[in-house]
There are 2 protein chains.
Amino acid sequence: MADSTEPNRIAKTPLPPYYAVIFTSSRTEGDRGYAGMAERMVRLASQQPGFLGVETARSTEGLGITVSYWRNEESIAAWKAQVDHQVAQETGRRLWYSDYHVRVARVEREYGKGPAIL
Amino acid sequence: MADSTEPNRIAKTPLPPYYAVIFTSSRTEGDRGYAGMAERMVRLASQQPGFLGVETARSTEGLGITVSYWRNEESIAAWKAQVDHQVAQETGRRLWYSDYHVRVARVEREYGKGPAIL
């Protein structure tokens, strides 16, 4: 599962349907513990039931996009309620993000650069 | 519609349901016309029927994530078939991207940092 927990690579996900959580954010100034938390949250998320993968990028202009992939809505709800993640969410609202938006979406189809596997 | 065509900001989208096209990519070396094309494609996409917004970021490690939002599957299909976009897709496969993955997903719910509007 090395690919799924390496957020700087294209995630290897199973065939749809599955779910995507699109987290878009603007950071506040300064790190204030952000980078370490972000790394811990990726590691922790990857241990949750139903986790399928994660991809993350932040532009030099400051917009961050993290897409995490999940088996179903239940696994998303469980991850949102996870205790350490709750602390990170609360600190995010208070300290790290000037703004953010979360979209929960059902992946219905997909394709890549290479020939389709199926 | 300044927010919707400004890909370095959180997109202002309507209430779900609507669709997200999650485009994840790894770039090849060198620009080779990429930056200009990317800017033109955002401008062109924003003029298509059903376009709702776009967000983009590329990490220093090279992973790019662009999420475009659309009213429905029909508007996504029309944009995929648009002539100038077809040329960009072909050049992308040949020249700009060492790898990419496209996921089409139906946004079912969302929330932001602030209190919910509804």
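The largest nonpolar core of this predicted model holds 42 residues. Those that touch the most other members are A:Y19, A:A20, A:Y69, A:A105, B:Y19, B:A20 and B:A105.

Take A:Y69 from that list and look at what surrounds it. Leaving aside neighbours within four places in sequence, A:Y69 is in contact with A:A11, A:T13, A:Y18, A:Y19, A:A20, A:L52, A:G53 and A:V54. Two of these partners, A:Y19 and A:A20, are also on the list of core residues that touch the most other members.

Now move to chain B, where B:R27 lies in strand β1, which covers residues 18–27. Is B:R27 buried, exposed or partly exposed? B:R27 counts as partly exposed because it has 18 C-beta neighbours inside 10 Å, while a buried residue needs 20 or more. Beyond its neighbours within four places in sequence, B:R27 is in contact with B:G62, B:G64, B:W96, B:Y97 and B:S98. B:R27 and B:L95 are 68 residues apart in sequence, yet their C-alpha atoms are 8.9 Å apart in space.

Finally, here are the predictor's confidence values.

| Item | Value |
|---|---|
| Mean pLDDT of chain A | 92 |
| Residues of chain A with pLDDT of 70 or more | 93% |
| ipTM of the complex | 0.92 |
| pTM of the complex | 0.93 |

Terms used: Residues are numbered from 1 along each chain as its sequence is written. Chains are lettered from A and ligands numbered from 1 in the order in which they are written. This is a predicted model: local features need pLDDT of at least 70, side-chain atom pairs count only at pLDDT 80 or more; totals for chains, interfaces and linings use all residues. Helices (H or I, at least four residues) and strands (E, at least two) are DSSP runs, numbered from the N terminus. A residue is buried if 20 or more other C-beta atoms lie within 10 Å of its own, exposed if 12 or fewer, and partly exposed in between; C-beta atoms are placed from the backbone. Two residues are in contact if their C-beta atoms, placed from the backbone, lie within 7 Å. pLDDT is the predictor's confidence in each residue, from 0 to 100. A nonpolar core is a set of buried Ala, Val, Leu, Ile, Met, Phe, Trp, Tyr and Cys residues joined through C-beta atoms within 7 Å.
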